[in-house]
Amino acid sequence: MTNSETVYFNGSYTPKNQTKLSILDRGFLFGDGVYELIPIYNKHIFYVKNHLNRLRSSLELINIDSAIVNDEKFIKIIKSLIELNSYVNHYIYIHISRGVDKTRNHVYTNECDPTILIMGENYQPFDKSIIEIGKSAIIEEDYRWLKSNIKSTSLLANVLIKNKAYTSDAYEALLLRDGYLTEGSASNVFIIDNGVIKTPKLSNKLLPGITRKFLADLIKEHGLEFDECDISKEKLLSSDEIFCSSSTNPVVPITQVDNISISRNAGPISMQLYGHAQKFIEDSYK
Ligand code: PDD
């Protein structure tokens with residue numbers, strides 16, 4: 001399959017299908033890098049400052065100089081890709097690895113220049129009719145590492161877990177560490193408990209999702225009750241509603257977990273929040 005869209009790679013704009021990477025790139029050999037996925041709504045870059053701040057934070061946490069991510073420069077590149085590829089509603093993937101080394105060596109030096117790739121990704125968010133029905137999820141032990149706050153390209157555990165969900169006909173796997181909810185394999189997780197919207201508080205065990213922050217802003221703006229707290233397996237399974245959030249789909253209601261029914265369809269508070277998110281996007285990015 002060919003793809004001749006233009007991507008940004010180490011300072012140049014090149015066709016995706018002709019962009020080549022050295023086999024000595026540490027991202028390829030060790031998954032030694034970080035990334036971001038940013039929604040583009042009607043040609044506008046969503047919560048871009050938050051995404052670039054998180055990218056800098058991920059870089060700092062793996063000892064790569066975060067000054068390589070300059071807001072003005074990155075926004076200019078993203079806008080160029082939007083224009084060059086005529087993106088309207090799309091996603092931008094940013095991938096920064098530690099760079100190409102002289103040999104394969106676990107120990108890194110400061111000698112290699114980070115590899116920077118910025119390219120479009122074409123995901124199709126769920127239609128409202130699908131959101132209203134809701135999705136199912138499985139529960140899985142969170143056997144990932146204890147630095148899940150880094151948006152690392154080392155995603156093997158997440159990939160294995162997401163595929164287990166997929167082969168179980170589920171949308172997502174909800175992860176439990178020591179009996180408490182952390183997040184999903186590729187999303188943050190919220191529950192509704194007696195009218196209160198709850199989500200695990202930020203820590204090294206989960207990604208500080210930008211959609212999580214966006215929803216928290218909306219929850220405050222609309223005067224809904226919100227609590228960032230520990231959520232046990234029992235609390236999760238007895239909650240009134242569950243939903244997952246990510247850049248690809250801000251609110252995905254979960255109506256069934258393993259064989260346990262949570263709600264018949266998407267719950268009212270999940271749908272309310274979904275509506276607020278859609279309205280914010282429509283109003284802000286005309
Ligand atoms: N993943 N937690 C994990 C483990 C994730 O992989 C993601 C998103 C999130 C939600 O983060 P955000 O709201 O910033 O998208 C939480 C993206 C979509 C991905 O890996 O492609």
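This is a predicted model: local features need pLDDT of at least 70, side-chain atom pairs count only at pLDDT 80 or more; totals for chains, interfaces and linings use all residues.
## Overall fold

The chain contains 8 helices and 15 strands. Its radius of gyration is 19 Å, close to the 19 Å given by the globule rule for 286 residues, so the chain is as compact as a globular protein of that length. Taken along the principal axes, the C-alpha atoms fill a box of roughly 55 × 45 × 35 Å.

Of the 286 residues in the chain, 37% are buried. When contacts between residues at least 6 apart in sequence are considered, 68% of them join residues that are at least 24 apart.

The chain is divided into domain 1, covering residues 6-121, and domain 2, covering residues 128-284, and the C-alpha centres of domain 1 and domain 2 are 26 Å apart. Across the boundary, 20 residues of domain 1 are in contact with 12 residues of domain 2.

On the side of domain 1 that touches domain 2, strand S3 (33-41), helix H2 (48-61) and strand S5 (90-97) each supply at least two residues, and S3 gives the most, with 8 residues. By class, this side of domain 1 has 10 nonpolar, 8 polar and 2 charged residues.

In soluble globular proteins, nonpolar side chains tend to be buried together. The largest nonpolar core in this model has 34 residues, and those with the most contacts inside it are Ala 137, Leu 174 and Ile 254. Several helices and strands each supply at least two residues of this core, among them strand S7 (135-141), helix H5 (156-167), strand S8 (172-177), strand S14 (252-257) and helix H8 (268-284).

Leaving aside residues up to four places away in sequence, Ala 137 touches Ala 165, Ala 170, Tyr 171, Glu 172, Ala 173, Leu 174, Ile 254 and Val 257. A second, separate core has 19 residues, including Val 7, Val 34, Ile 92 and Ile 118.

## Surroundings of the ligand

There are 15 residues around the ligand, of which Leu 207, Gly 209, Ile 210, Thr 211 and Ser 247 come nearest. Helix H6 (residues 210-221) gives the most to this shell, with 3 residues; H6 also supplies at least two residues of the 34-residue core. By class, the shell around the ligand has 4 nonpolar, 9 polar and 2 charged residues.

## Exposed loop residues

Most residues other than glycine have a negative phi. Asn 194, although not a glycine, has a positive phi of about 50 degrees, and Asn 194 counts as exposed because it has 8 C-beta neighbours inside 10 Å, where 12 or fewer is the limit for that class. Asp 169, in the loop between H5 and S8, likewise has a positive phi, near 60 degrees, and with 9 other C-beta atoms within 10 Å Asp 169 is exposed.

Asp 65 lies in the loop between H2 and helix H3 (71-85), and Asp 65 counts as exposed because it has 11 C-beta neighbours inside 10 Å.

Terms used. Residues are numbered from 1 along each chain as its sequence is written. Helices (H or I, at least four residues) and strands (E, at least two) are DSSP runs, numbered from the N terminus. The radius of gyration is taken over C-alpha atoms; the globule rule is 2.2 Å times the number of residues to the power 0.38. A residue is buried if 20 or more other C-beta atoms lie within 10 Å of its own, exposed if 12 or fewer, and partly exposed in between; C-beta atoms are placed from the backbone. Two residues are in contact if their C-beta atoms, placed from the backbone, lie within 7 Å. A residue is near a molecule or strand if its C-beta atom, placed from the backbone, lies within 6 Å of it. Ala, Val, Leu, Ile, Met, Phe, Trp, Tyr, Cys and Pro count as nonpolar, Asp, Glu, Lys and Arg as charged, and the others, Gly among them, as polar. Domain bounds come from an automatic or database domain assignment. A nonpolar core is a set of buried Ala, Val, Leu, Ile, Met, Phe, Trp, Tyr and Cys residues joined through C-beta atoms within 7 Å.
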